[in-house]
Amino acid sequence: MSATTRSRTPDRLCAEAVDLARAAAEEAAAPGVVGEHAGMVSEGDRVVTHYFECKEMGYRGWRWAVTVARASRAKFVTLNETVLLPGADALLAPEWVPWSERLRPGDMGPGDLLPTDAEDLRLEPGYSGEDEPAPNAAVSEEMAELAEAEDAEITPQAPAALPLVPTRGSIASVAEELGMRRARVLSRYGLHIAADRWEESYGAKTAMAQAAPATCATCGFLTPIGGSLGQAFGVCANEFSPADGHVVSLSYGCGGHSEAAVMPAPARPAPPVIDETRVDPFPLRPSPDSGSVPVGPDGSAAELGHS
């Protein structure tokens, strides 16, 4: 038989070493945790793995696997290894996912840092000034003439002696004024996914917008934003709106629209049926001619009450 060929028939002495395997499993675990014998598997010539049920809490479907072996022509079985392995219906932990894929909006807290990938599809290289035309280029001369026409201060000296601050009228100064001198800016893909995310949260298809009397495009509480996204979005500044401080679509709307309705005048209460603002005088004794008190022989009225 070839040395690489494994026998499928378990070795008799290794198959009978159940007590040895159980003792090894209990030594590795704890008494009472190792359950009934759950079968064995022949791993090769004179190598058998015995399985025992695991009664440990939280390890449903796991099994203690104890491998025993016997040397050639030896009469004694020795212990190889003991390990806890999951079975077919074992309760396993979910597959590990990198933190960058587990992160969700709202997970970041104070002090947390979120590094962006160098190949992040949401970003693209911005204008940093490194690709600015040379000082003797035609474009630079045109910008210099334009700056001079606008009474800009241009220092006539060598480029190496120029200050680090961009000269007024140059491409770098214009880019810095517009906020474009950044290493990376939003790519077209980044703009699209941001717009889709904002549209889903505060867009025309939300329940609030469907019931609104008008859209944010005509609301006085809408604060415009710059850039290309400003053509479709703005920031809500109504403290009573559910979207206060959020970027909203111009087609969004809510009941806090500035021109939705005019505040009605407070209704005046109806005049009271009983006037409780004045006092009606009532006499303590009825008048003699009212007929409710008999008149005596001498013409005096009888006293009220009982004797």
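In this predicted model, Arg70 and Asp11 form a salt bridge in which the closest N and O atoms are 2.7 Å apart. Arg70 belongs to the loop between S3 and S4, whereas Asp11 sits in the segment before helix H1 (12-15), so the pair ties together parts that are 59 residues apart in sequence. Both partners are shielded from the surroundings by the criterion of under 20% relative accessible area: Arg70 is buried at 15%, and Asp11 is buried at 13%.

The structure contains three salt bridges. Side chains of opposite charge can pair when their charged atoms come close. The pairs are listed below.

| Salt bridge | Closest N to O distance |
|---|---|
| Arg70 and Asp11 | 2.7 Å |
| Arg122 and Asp120 | 2.8 Å |

In the pair formed by Arg122 and Asp120, the partners fall into two classes. Arg122 is partly exposed, with a relative accessible area of 39%, while Asp120 is buried, with a value of 14%.

Arg122 also takes part in the second largest pocket, where Arg122 is among the residues that lie nearest the centre, together with Trp99, Ser100, Leu103 and Leu114. The lining of this pocket comprises 14 residues, and its volume is about 360 Å³. Sorted by class, the lining residues are six nonpolar, three polar and five charged.

Helix H2 spans residues 18-28, and its buried residues include Ala21, Ala24 and Ala25. Viewed down the helix axis, the buried residues of H2 fall within an arc of 100°, so they line one face of the helix. Asp19 and Glu27 are exposed on the other side of H2. The packing partners of the buried residues are four strands: S1 (34-44), S2 (47-54), S3 (62-69) and S4 (78-86). Two of these strands, S3 and S4, also flank the loop that holds Arg70.

Taken together, the salt bridge between Arg70 and Asp11 links the loop between S3 and S4 to the segment before helix H1, and the buried residues of H2 pack against strands that include S3 and S4.

Notes:
Residues numbered from 1 in each chain as written. Predicted model: local features only at pLDDT ≥ 70, side-chain atom pairs only at ≥ 80, totals over all residues. Heavy atoms only, no water. 1 Å grid on protein atoms, 1.4 Å probe; cavity = no way out; pocket = protein on both sides within 12 Å on 5 of 7 lines; lining within 4 Å. Points joined across faces, edges and corners; volume = space filled by probe spheres on them. Nonpolar A, V, L, I, M, F, W, Y, C, P; charged D, E, K, R; others polar. Buried < 20%, exposed > 50% of the residue type's maximum accessible area, 1.4 Å probe, protein only. Helix = DSSP H or I, 4+ residues; strand = E, 2+ residues; numbered from the N terminus. Arc of directions from axis to C-beta. Contact = heavy atoms within 4.5 Å. Salt bridge = Lys/Arg side-chain N within 4 Å of Asp/Glu carboxyl O.
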